[in-house]
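Dear colleague,

Please find below the structure that I am handing over to you. A short account of the findings follows it.

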Amino acid sequence: MKKVIIGLVLLAVIALLVGLRLRSEPTPHVPTVASTSSGPSDMPHHPSAAPPVAAVSLVPAYYRTAPPANTLPPTLSPALFTGNERLAYQAAKEIPQTLAQMPCYCHCDKGHGHKSLLSCFESQHGENCGICIGEALMAHQLKKRSRLTDAEIREQIIAAYGSQDHD
């Protein structure tokens, strides 16, 4: 009986450690299947699993939880840009941990190895991409004016941009 209890405790500890590791790493560069249903889930979906009955879209890479701010790469200065581009780079400066938790639907995770929407503003990529700019401005507005959590903002981004995903 002791061996069974010890075995169950070990399994629980291993599951906890694996869960914590998954939460602190970006999702793999292989897109994950995500339902547009409203129920939040911290569990990664496997692309080969049967999709849910609800509408399905491919979700690009993002961090499930924000990395520490001091570990995030710097973004370009907003002063280098004008108009909406400047506002998007300003958003990246103001809420980098939030943007790190957002997927980017221009699918730069595939073509450029980006790990999240924040990656787009580490270079001039964000300046030339309407999707990156739109997502950054949307996330900033939802964070500052609507005071949504990062997970709620991600749901809004996925709902708004994922429905346009035609890969």
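D150 is buried (under 20% relative accessible area, with exposed meaning over 50% and partly exposed in between; 1.4 Å probe, protein chains only), its relative accessible area being 15%. This is a predicted model, in which local features need pLDDT of at least 70 and side-chain atom pairs count only at pLDDT 80 or more, while totals for chains, interfaces and linings use all residues. Residues are numbered from 1 along each chain as its sequence is written, and side-chain values use heavy atoms, with hydrogens and water left out.

The side chain of D150 forms a salt bridge with that of K143, at 2.9 Å from N to O; the term requires a side-chain nitrogen of Lys or Arg within 4 Å of a carboxyl oxygen of Asp or Glu. By this rule the count is 1 salt bridge. K143 is partly exposed, at 27% relative accessible area.

T98 lies in helix α3, residues 96-100; helices are DSSP runs of H or I with at least four residues, numbered from the N terminus. T98 is buried, with a relative accessible area of 3%.

Elsewhere, helix α2 (residues 83-94) passes helix α5 (residues 130-144) in a crossing of roughly 55 degrees, their axes coming within 9 Å. Axes are lines fitted to C-alpha atoms, for helices over the stretch in contact, with angles from 0 to 180 degrees between N-to-C directions. The residues making this contact include L87 and A91 of α2 and I133 and L137 of α5.

Yours sincerely

Conventions: Helices (H or I, at least four residues) and strands (E, at least two) are DSSP runs, numbered from the N terminus. Contact means heavy atoms within 4.5 Å.
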